[in-house]
Amino acid sequence: MKERLITHLRHVDLAVPDFDKQREFYTTLWGLTPVADDDGVCFLAAEGSPEQYIVRLRRDKEKRLDLIAYGAKDRASVDALAARLGHDGVQLVHEPRELRTAGGGYGFRFFDVDGRTIEVSSGVAERRHRKIEERESIPVRISHVVVNSADPDVTRAWYEKHLDFDLSDALTLPHMGALMYFMRCNPQHHSMAIARGPHTSLHHISFEMRGLDEYMRGSGRLLRAGVHKVWGPGRHAAGDNTFSYFLDPHGNTVEYTTELELLDEDIWHPSQYDVSQPENQDQWGTANPFNELVAKESQNDVDRGCFVAPPM
(Lines give C-alpha, C1' and ligand atoms only; values in the text may rest on other atoms or scores of the structure.)
Protein backbone atom coordinates (compact mmCIF):
# COMPACT_ATOMS: atom_id res chain seq x y z
CA MET A 1 0.00 0.00 0.00
CA LYS A 2 1.28 3.47 -0.90
CA GLU A 3 2.63 5.61 1.95
CA ARG A 4 1.34 9.18 1.88
CA LEU A 5 1.91 12.18 4.12
CA ILE A 6 -1.82 13.04 4.01
CA THR A 7 -4.13 10.44 5.53
CA HIS A 8 -7.73 11.68 5.36
CA LEU A 9 -10.20 14.56 5.04
CA ARG A 10 -10.89 16.33 8.36
CA HIS A 11 -13.33 19.19 7.74
CA VAL A 12 -14.62 21.82 5.31
CA ASP A 13 -15.10 25.44 6.46
CA LEU A 14 -17.66 27.84 5.01
CA ALA A 15 -18.28 31.57 5.37
CA VAL A 16 -21.88 32.76 5.02
CA PRO A 17 -23.80 36.04 5.37
CA ASP A 18 -26.87 34.51 7.07
CA PHE A 19 -25.03 32.64 9.79
CA ASP A 20 -28.10 31.82 11.90
CA LYS A 21 -30.05 30.30 9.01
CA GLN A 22 -27.06 28.20 7.95
CA ARG A 23 -26.44 26.97 11.48
CA GLU A 24 -30.12 26.04 11.89
CA PHE A 25 -30.07 24.02 8.65
CA TYR A 26 -26.98 21.99 9.51
CA THR A 27 -28.04 21.24 13.08
CA THR A 28 -31.82 20.81 12.80
CA LEU A 29 -32.21 19.24 9.35
CA TRP A 30 -28.82 17.92 8.25
CA GLY A 31 -28.03 16.22 11.56
CA LEU A 32 -24.75 17.71 12.77
CA THR A 33 -23.97 18.54 16.40
CA PRO A 34 -22.71 22.00 17.48
CA VAL A 35 -19.70 21.52 19.72
CA ALA A 36 -18.41 25.08 20.07
CA ASP A 37 -19.55 28.63 19.29
CA ASP A 38 -17.34 31.70 19.36
CA ASP A 39 -18.72 35.07 18.22
CA GLY A 40 -19.99 34.21 14.75
CA VAL A 41 -18.06 30.96 14.36
CA CYS A 42 -19.68 27.57 14.89
CA PHE A 43 -18.01 24.14 14.90
CA LEU A 44 -20.23 21.23 13.85
CA ALA A 45 -19.40 17.56 14.52
CA ALA A 46 -20.74 14.24 13.27
CA GLU A 47 -21.83 11.96 16.11
CA GLY A 48 -20.03 8.95 14.63
CA SER A 49 -16.71 10.66 13.90
CA PRO A 50 -13.67 11.15 16.16
CA GLU A 51 -12.94 14.44 14.38
CA GLN A 52 -13.51 17.49 16.61
CA TYR A 53 -15.70 18.94 13.85
CA ILE A 54 -16.39 18.28 10.18
CA VAL A 55 -17.93 21.65 9.21
CA ARG A 56 -17.04 25.11 10.46
CA LEU A 57 -19.41 28.00 9.77
CA ARG A 58 -18.24 31.60 9.97
CA ARG A 59 -20.32 34.78 9.70
CA ASP A 60 -19.09 37.08 6.92
CA LYS A 61 -20.59 39.61 4.53
CA GLU A 62 -19.60 37.37 1.58
CA LYS A 63 -20.15 33.68 0.95
CA ARG A 64 -16.92 31.73 0.39
CA LEU A 65 -15.12 28.45 0.89
CA ASP A 66 -12.79 29.25 3.78
CA LEU A 67 -10.78 26.06 4.10
CA ILE A 68 -10.40 22.37 3.29
CA ALA A 69 -8.53 20.51 6.04
CA TYR A 70 -6.72 17.18 5.82
CA GLY A 71 -5.07 15.01 8.44
CA ALA A 72 -1.48 13.73 8.63
CA LYS A 73 -0.07 10.85 10.67
CA ASP A 74 2.30 12.86 12.86
CA ARG A 75 4.26 16.09 13.28
CA ALA A 76 7.12 14.76 11.18
CA SER A 77 4.71 14.25 8.28
CA VAL A 78 3.41 17.81 8.64
CA ASP A 79 6.96 19.19 8.67
CA ALA A 80 8.00 17.05 5.71
CA LEU A 81 5.05 18.19 3.62
CA ALA A 82 5.58 21.86 4.50
CA ALA A 83 9.27 21.58 3.55
CA ARG A 84 8.36 19.90 0.25
CA LEU A 85 5.78 22.54 -0.67
CA GLY A 86 8.11 25.37 0.29
CA HIS A 87 10.89 23.89 -1.82
CA ASP A 88 8.48 23.63 -4.77
CA GLY A 89 7.47 27.28 -4.46
CA VAL A 90 3.94 26.68 -3.14
CA GLN A 91 2.70 29.76 -1.25
CA LEU A 92 2.29 29.02 2.47
CA VAL A 93 -0.25 30.94 4.54
CA HIS A 94 1.73 30.04 7.65
CA GLU A 95 4.46 27.60 8.67
CA PRO A 96 3.76 24.54 10.86
CA ARG A 97 2.76 25.58 14.38
CA GLU A 98 0.44 24.74 17.24
CA LEU A 99 -3.17 25.26 16.16
CA ARG A 100 -5.69 27.27 18.17
CA THR A 101 -8.84 25.69 16.69
CA ALA A 102 -11.00 23.11 18.47
CA GLY A 103 -8.91 20.07 19.39
CA GLY A 104 -5.61 21.87 18.89
CA GLY A 105 -2.97 19.95 16.98
CA TYR A 106 -0.01 20.91 14.85
CA GLY A 107 -0.37 22.07 11.27
CA PHE A 108 0.08 24.62 8.51
CA ARG A 109 -1.91 26.25 5.72
CA PHE A 110 -1.15 26.93 2.07
CA PHE A 111 -2.84 27.81 -1.21
CA ASP A 112 -3.47 25.17 -3.85
CA VAL A 113 -3.06 25.90 -7.56
CA ASP A 114 -6.56 27.44 -7.78
CA GLY A 115 -6.11 29.62 -4.69
CA ARG A 116 -8.06 27.55 -2.17
CA THR A 117 -6.76 27.58 1.39
CA ILE A 118 -5.73 24.07 2.47
CA GLU A 119 -4.71 22.94 5.96
CA VAL A 120 -2.81 19.81 6.95
CA SER A 121 -2.57 18.88 10.63
CA SER A 122 -1.70 16.11 13.05
CA GLY A 123 -2.20 15.50 16.76
CA VAL A 124 -5.73 16.93 16.90
CA ALA A 125 -7.46 15.58 20.01
CA GLU A 126 -10.12 13.04 19.18
CA ARG A 127 -13.70 13.89 20.05
CA ARG A 128 -15.70 11.44 22.12
CA HIS A 129 -18.04 9.84 19.57
CA ARG A 130 -20.47 6.97 19.42
CA LYS A 131 -21.88 4.25 17.22
CA ILE A 132 -24.74 5.45 15.04
CA GLU A 133 -27.71 3.20 15.65
CA GLU A 134 -30.01 1.48 13.17
CA ARG A 135 -32.52 3.90 11.57
CA GLU A 136 -30.61 6.90 12.97
CA SER A 137 -30.46 9.08 9.88
CA ILE A 138 -27.64 11.48 10.75
CA PRO A 139 -24.14 11.64 9.25
CA VAL A 140 -21.54 9.24 10.61
CA ARG A 141 -18.62 11.26 9.21
CA ILE A 142 -17.58 13.53 6.38
CA SER A 143 -17.03 11.45 3.24
CA HIS A 144 -15.47 13.68 0.58
CA VAL A 145 -15.34 17.14 -0.93
CA VAL A 146 -15.63 18.05 -4.62
CA VAL A 147 -14.31 21.31 -6.07
CA ASN A 148 -14.88 23.05 -9.39
CA SER A 149 -11.93 24.04 -11.55
CA ALA A 150 -11.78 25.80 -14.90
CA ASP A 151 -8.78 23.57 -15.76
CA PRO A 152 -9.24 20.24 -13.96
CA ASP A 153 -6.22 18.69 -15.67
CA VAL A 154 -3.93 21.29 -14.09
CA THR A 155 -5.62 20.93 -10.69
CA ARG A 156 -5.36 17.13 -10.83
CA ALA A 157 -1.67 17.26 -11.74
CA TRP A 158 -0.99 19.70 -8.86
CA TYR A 159 -2.61 17.41 -6.27
CA GLU A 160 -0.79 14.39 -7.64
CA LYS A 161 2.61 16.10 -7.60
CA HIS A 162 2.44 18.03 -4.34
CA LEU A 163 0.05 16.09 -2.08
CA ASP A 164 0.40 12.48 -3.37
CA PHE A 165 -3.24 12.11 -4.35
CA ASP A 166 -3.94 9.32 -6.86
CA LEU A 167 -6.56 9.07 -9.57
CA SER A 168 -9.22 6.44 -8.89
CA ASP A 169 -11.60 6.99 -11.83
CA ALA A 170 -12.80 9.71 -14.21
CA LEU A 171 -16.11 10.81 -15.70
CA THR A 172 -15.97 11.73 -19.38
CA LEU A 173 -18.08 12.90 -22.30
CA PRO A 174 -17.02 12.07 -25.87
CA HIS A 175 -17.14 15.72 -27.05
CA MET A 176 -15.75 17.29 -23.85
CA GLY A 177 -13.17 14.90 -22.44
CA ALA A 178 -12.80 14.60 -18.67
CA LEU A 179 -15.63 16.09 -16.58
CA MET A 180 -14.52 14.90 -13.14
CA TYR A 181 -11.47 13.28 -11.58
CA PHE A 182 -11.94 11.16 -8.43
CA MET A 183 -8.83 11.49 -6.26
CA ARG A 184 -7.81 9.48 -3.21
CA CYS A 185 -5.38 9.89 -0.31
CA ASN A 186 -6.25 6.51 1.28
CA PRO A 187 -8.07 3.33 0.14
CA GLN A 188 -11.42 5.16 0.07
CA HIS A 189 -12.36 5.62 -3.61
CA HIS A 190 -12.16 9.39 -3.27
CA SER A 191 -11.64 11.91 -0.50
CA MET A 192 -11.82 14.71 -3.06
CA ALA A 193 -12.87 15.10 -6.67
CA ILE A 194 -12.18 17.79 -9.23
CA ALA A 195 -15.04 18.80 -11.52
CA ARG A 196 -14.84 20.82 -14.72
CA GLY A 197 -16.61 24.13 -14.10
CA PRO A 198 -16.63 27.71 -15.36
CA HIS A 199 -14.80 29.04 -12.30
CA THR A 200 -13.13 28.08 -9.03
CA SER A 201 -15.78 27.16 -6.45
CA LEU A 202 -17.09 24.48 -4.14
CA HIS A 203 -19.02 21.76 -5.99
CA HIS A 204 -20.30 19.75 -3.01
CA ILE A 205 -19.56 18.34 0.42
CA SER A 206 -20.55 14.71 1.03
CA PHE A 207 -21.57 13.09 4.32
CA GLU A 208 -21.47 9.36 5.02
CA MET A 209 -24.59 7.73 6.45
CA ARG A 210 -24.75 4.45 8.42
CA GLY A 211 -26.33 2.42 5.61
CA LEU A 212 -28.94 2.37 2.87
CA ASP A 213 -31.93 2.67 5.20
CA GLU A 214 -30.45 5.61 7.08
CA TYR A 215 -29.44 7.24 3.80
CA MET A 216 -33.01 7.00 2.49
CA ARG A 217 -34.55 8.18 5.76
CA GLY A 218 -32.26 11.20 5.82
CA SER A 219 -33.05 12.00 2.18
CA GLY A 220 -36.75 11.75 2.96
CA ARG A 221 -36.47 14.09 5.93
CA LEU A 222 -34.94 16.77 3.71
CA LEU A 223 -37.61 16.28 1.03
CA ARG A 224 -40.45 16.50 3.57
CA ALA A 225 -38.95 19.72 4.93
CA GLY A 226 -39.06 21.24 1.45
CA VAL A 227 -35.29 21.49 1.01
CA HIS A 228 -34.42 21.85 -2.67
CA LYS A 229 -33.20 18.54 -4.09
CA VAL A 230 -30.61 18.85 -6.84
CA TRP A 231 -30.24 15.20 -7.90
CA GLY A 232 -31.09 11.75 -6.54
CA PRO A 233 -31.68 9.42 -4.92
CA GLY A 234 -29.47 7.13 -6.98
CA ARG A 235 -26.25 5.13 -7.10
CA HIS A 236 -23.14 6.20 -9.00
CA ALA A 237 -21.03 3.83 -11.08
CA ALA A 238 -17.68 5.42 -10.18
CA GLY A 239 -17.23 4.76 -6.47
CA ASP A 240 -20.41 2.63 -6.33
CA ASN A 241 -21.87 4.96 -3.70
CA THR A 242 -25.40 6.28 -3.28
CA PHE A 243 -26.23 9.95 -3.75
CA SER A 244 -28.85 12.50 -2.80
CA TYR A 245 -27.82 16.12 -3.42
CA PHE A 246 -29.52 19.12 -1.79
CA LEU A 247 -28.86 22.86 -1.57
CA ASP A 248 -28.13 24.44 1.79
CA PRO A 249 -29.60 27.91 2.49
CA HIS A 250 -26.67 29.64 0.76
CA GLY A 251 -26.72 27.52 -2.38
CA ASN A 252 -23.91 25.13 -1.50
CA THR A 253 -24.58 21.57 -2.65
CA VAL A 254 -24.44 18.95 0.11
CA GLU A 255 -24.79 15.19 -0.32
CA TYR A 256 -25.92 12.22 1.70
CA THR A 257 -24.08 9.07 0.62
CA THR A 258 -23.22 5.58 1.83
CA GLU A 259 -21.23 2.51 0.79
CA LEU A 260 -18.44 4.38 -0.99
CA GLU A 261 -16.07 1.80 -2.47
CA LEU A 262 -12.86 0.82 -0.66
CA LEU A 263 -10.06 -0.06 -3.07
CA ASP A 264 -7.22 -2.54 -3.05
CA GLU A 265 -4.68 0.05 -4.11
CA ASP A 266 -2.06 -2.52 -5.07
CA ILE A 267 -4.15 -3.78 -7.98
CA TRP A 268 -6.48 -0.86 -8.77
CA HIS A 269 -6.48 0.68 -12.25
CA PRO A 270 -8.56 3.81 -13.03
CA SER A 271 -11.51 3.56 -15.40
CA GLN A 272 -13.21 6.17 -17.53
CA TYR A 273 -16.99 6.34 -17.23
CA ASP A 274 -18.83 7.86 -20.18
CA VAL A 275 -21.70 9.78 -18.58
CA SER A 276 -23.64 9.88 -21.85
CA GLN A 277 -24.56 6.33 -20.77
CA PRO A 278 -27.26 6.80 -18.08
CA GLU A 279 -26.17 3.77 -16.06
CA ASN A 280 -22.81 5.43 -15.43
CA GLN A 281 -24.58 8.37 -13.80
CA ASP A 282 -27.10 6.33 -11.83
CA GLN A 283 -26.98 2.54 -11.74
CA TRP A 284 -30.47 2.31 -10.26
CA GLY A 285 -32.22 4.65 -12.68
CA THR A 286 -34.14 6.23 -9.79
CA ALA A 287 -32.67 9.77 -9.85
CA ASN A 288 -34.12 12.66 -11.82
CA PRO A 289 -32.39 13.04 -15.22
CA PHE A 290 -29.02 14.79 -15.09
CA ASN A 291 -29.28 17.81 -17.38
CA GLU A 292 -27.74 21.27 -17.78
CA LEU A 293 -29.92 22.76 -15.05
CA VAL A 294 -28.84 20.11 -12.56
CA ALA A 295 -25.20 20.60 -13.51
CA LYS A 296 -25.47 24.38 -13.16
CA GLU A 297 -26.75 24.18 -9.58
CA SER A 298 -23.46 22.62 -8.46
CA GLN A 299 -21.30 25.18 -10.27
CA ASN A 300 -21.93 27.45 -7.27
CA ASP A 301 -20.95 31.12 -7.06
CA VAL A 302 -17.45 32.28 -7.93
CA ASP A 303 -15.30 31.74 -4.86
CA ARG A 304 -14.15 35.14 -3.58
CA GLY A 305 -11.59 33.58 -1.28
CA CYS A 306 -9.01 32.53 -3.89
CA PHE A 307 -5.47 33.34 -2.64
CA VAL A 308 -7.03 35.18 0.34
CA ALA A 309 -6.63 33.33 3.62
CA PRO A 310 -9.61 33.29 6.01
CA PRO A 311 -9.36 34.48 9.60
CA MET A 312 -7.70 31.95 11.86
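Modeller: A cavity is a set of points on a 1 Å grid where a 1.4 Å probe fits but cannot get out, whereas a pocket is an open set. The structure discussed here is a predicted model.

Colleague: How many cavities of 30 Å³ or more does a search of the whole structure find?
Modeller: A cavity counts here if a 1.4 Å probe fits into it but cannot get out. With a cut-off of 30 Å³ or more, the search of the whole structure gives a count of 1.

Colleague: How much space lies in the largest cavity, and which elements each supply at least two residues of its lining?
Modeller: The space in the largest cavity comes to about 70 Å³. Its lining includes Arg10, His11, Glu51, Tyr53, Glu119 and Ser121. By class, the lining divides into 4 nonpolar, 5 polar and 3 charged residues. The elements that each supply at least two of the lining residues are β1 and β8 (117-122).

Colleague: Which residues lie nearest the centre of the largest pocket?
Modeller: The largest pocket has a volume of about 690 Å³. Several elements each supply at least two residues of its lining, among them β9 (141-149), β13 (201-208), α5 (278-281) and α6 (292-297). The lining has 31 residues, and those nearest the centre are Leu179, Met180, His203, Phe290 and Ala295.

Colleague: How many residues of each class does the lining of the largest pocket have?
Modeller: Tyr and Cys count as nonpolar in this scheme, and Gly counts as polar. On that basis, the lining of the largest pocket has 17 nonpolar, 12 polar and 2 charged residues.

Colleague: Which element gives the most to the lining of the second largest pocket?
Modeller: The second largest pocket holds about 320 Å³ of space. It is lined by 14 residues, and closest to its centre are His8, Arg141, Ile142, Ser143 and Gln188. Two or more lining residues come from each of β1 (6-16) and β9. The element that gives the most, with 3 residues, is β9.

Colleague: Are the two faces of β7 covered or uncovered?
Modeller: In a regular strand the side chains alternate between the two faces of the sheet.

Colleague: Which residue in β8 does arginine 109 stand opposite?
Modeller: β7 has bridges to β6 (residues 92-98), where 4 bridges join the antiparallel pair, and to β8, where 6 bridges join strands that also run antiparallel. Arginine 109 of β7 is the bridge partner of histidine 94. In β8, arginine 109 stands opposite glutamate 119.

Colleague: Which residue in the turn between β7 and β8 has a positive phi?
Modeller: β7 and β8 form a hairpin with 5 residues between them. Aspartate 114 is found in this loop. The residue with a positive phi, of about 95°, is glycine 115.

Colleague: In the hairpin of β14 and β15, which residue takes a positive phi?
Modeller: β14 (229-235) supplies at least two residues of the lining of the largest pocket, and 5 of the 7 residues of β14 are buried. It runs antiparallel to β15 (residues 242-247), with 4 bridges between them, and lysine 229 stands opposite phenylalanine 246. The hairpin has 6 residues between the strands, and the residue with a positive phi, near 90°, is glycine 239.

Colleague: Why is strand β4 largely enclosed by the rest of the structure, and which residue in β4 does alanine 15 stand opposite?
Modeller: β4 (residues 55-59) is largely enclosed because 4 of its 5 residues are buried. β3 (residues 41-45) runs antiparallel to β4 with 4 bridges, and leucine 44 stands opposite valine 55. β1 runs parallel to β4 with 5 bridges. The residue in β4 opposite alanine 15 is arginine 58.

Notes. Residues are numbered from 1 along each chain as its sequence is written. This is a predicted model: local features need pLDDT of at least 70, side-chain atom pairs count only at pLDDT 80 or more; totals for chains, interfaces and linings use all residues. Side-chain values use heavy atoms; hydrogens and water are left out. On a 1 Å grid over the protein atoms alone, a cavity is a set of points where a 1.4 Å probe fits but cannot get out, and a pocket is an open set with protein on both sides within 12 Å along at least five of seven lines; lining residues have an atom within 4 Å of a point. Grid points are joined across faces, edges and corners, and a volume is the space filled by probe spheres set on the points. Two strands pair if DSSP finds at least two bridges between them. Buried means under 20% relative accessible area, exposed over 50%, partly exposed in between (1.4 Å probe, protein chains only).
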